Amino acid sequence: MPSSNSMAGLVSARANPIYSSHNLRRSRLPRPMASRALEMSYKHPAIALRPSKSLSLVAASLQPAKTISAGQFSNTVPTEEVLNIWRSASAVCFDVDSTVCLDEGIDELADFCGAGKAVAEWTTKAMSGSIPFEEALAARLSLFNPSLSQVQDFLDKTPPRISPGIAGLIKKLMVKNIDVYLISGGFRQMINPVALQLGIPLENIFANQLLFGSSGEFIGFDAKEPTSRSGGKATAVQQIRKVHNYKALVMIGDGATDLEARKPGGADLFICYAGVQLREAVAVKSDWLIFDFEELITSL
């Protein structure tokens with residue numbers, strides 16, 4: 001696992017839901033875990049998030065629907081080479097929104113603040129790769145400029161929903177001593193509790209950071225974070241691999257920024273998870289297209 005010294009450059013340096021959260025039974029995080037999730041969040045020194053009253057994670061019981069037939073893709077059955085890389089991986093990096101979690105975090109936050117539709121349209125552009133990620137991120141945030149109190153209220157009232165099967169997959173990877181990372185274009189404030197629930201060290205998170213002024217007003221995001229721009233996930237993966245000299249590294253996600261991580265010195269394998277969102281332009285270029293994490297569990 002990376003240390004705070006060896007990964008300082010990265011550590012100091014991650015949204016259109018398709019399922020309703022209504023009628024899902026929400027299981028609350030124990031109070032100490034919820035508080036720790038906020039206390040350990042990377043935050044602007046001017047102000048800190050107050051402890052959450054009801055921040056929680058939920059393992060969703062709803063299985064995502066396949067909106068397009070898997071039969072039209074030729075990569076739903078892995079080749080022997082792909083299987084060999086998957087089985088020999090010493091580290092696996094996961095996207096968070098629409099992969100580890102069912103929702104796109106920034107879309108959920110924007111909807112909570114009253115700008116859901118407009119922001120979701122920008123998210124679709126960003127995830128398809130049709131517009132630079134940093135441009136889409138700035139444009140989305142400018143549509144609603146979330147204050148610190150709004151973010152806190154959102155975290156209190158809208159716990160994230162974990163994708164079916166992901167907890168079991170991560171547990172099996174860890175049992176096999178395979179390091180697990182969360183690499184996201186979303187925000188650390190929303191991702192830390194997900195990592196705590198899944199047993200992933202917080203230093204293994206590489207994500208963006210919302211910045212607030214002394215009165216809690218939104219002042220932007222940290223543009224120094226590699227995941228705040230196109231190619232940022234690839235940069236994060238390359239640096240992780242360089243520091244730890246992993247023999248084989250796999251990236252799992254649903255968007256164009258995840259696909260970018262498969263390059264020399266980065267991920268050896270890109271697995272497209274389409275159980276929440278199927279982005280055809282990304283899926284067709286993936287090494288392995290899956291709709292259920294059980295496929296990965298049984299193939300280990």
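The mean pLDDT of the chain is 81. Of its residues, 77% reach 70 or more. Where pLDDT is low, the predicted coordinates should not be read in detail.

Strand E9 spans residues 269-273 and is mostly covered, with 5 of its 5 residues buried. Leu269, Ile271 and Tyr273 point one way from E9. Phe270 and Cys272 point the other way. In a regular strand the side chains alternate between the two faces of the sheet. Both sets in E9 are buried.

E9 pairs with strand E8 (residues 249-253) through 4 bridges, and the two run parallel. Within this pairing, Phe270 of E9 is the bridge partner of Met251. Strand E10 (residues 288-290) is joined to E9 by 3 bridges, also in parallel. Here Ile271 stands opposite Trp288 of E10.

Side chains of opposite charge can pair when their charged atoms come close. The model contains 9 salt bridges. One of them joins Asp95 and Lys233, at 3.0 Å from N to O. This pair links distant parts of the chain, 138 residues apart. Asp95 lies in the loop between strand E2 (91-94) and helix H4 (105-112), whereas Lys233 belongs to helix H10 (residues 232-244). Asp95 has a relative accessible area of 3%, so it counts as buried. Lys233 is likewise buried, at 6% relative accessibility. Asp95 and Lys233 also belong to a network of salt bridges with Asp258.

A second salt bridge connects Glu104 and Arg279, whose closest N and O atoms are 3.2 Å apart. Glu104 is buried at 1% relative accessibility. Arg279 is buried at 13%.

The salt bridge of Lys157 with Asp153 has its closest N and O atoms 3.4 Å apart. Both residues lie in helix H7 (residues 148-157). They are 4 residues apart, about one turn of the helix. Lys157 is exposed, with a relative accessible area of 57%. Asp153 is partly exposed, at 25% relative accessibility.

Methods. Residues are numbered from 1 along each chain as its sequence is written. This is a predicted model: local features need pLDDT of at least 70, side-chain atom pairs count only at pLDDT 80 or more; totals for chains, interfaces and linings use all residues. Side-chain values use heavy atoms; hydrogens and water are left out. pLDDT is the predictor's confidence in each residue, from 0 to 100. Buried means under 20% relative accessible area, exposed over 50%, partly exposed in between (1.4 Å probe, protein chains only). Two strands pair if DSSP finds at least two bridges between them. A salt bridge is a side-chain nitrogen of Lys or Arg within 4 Å of a carboxyl oxygen of Asp or Glu.
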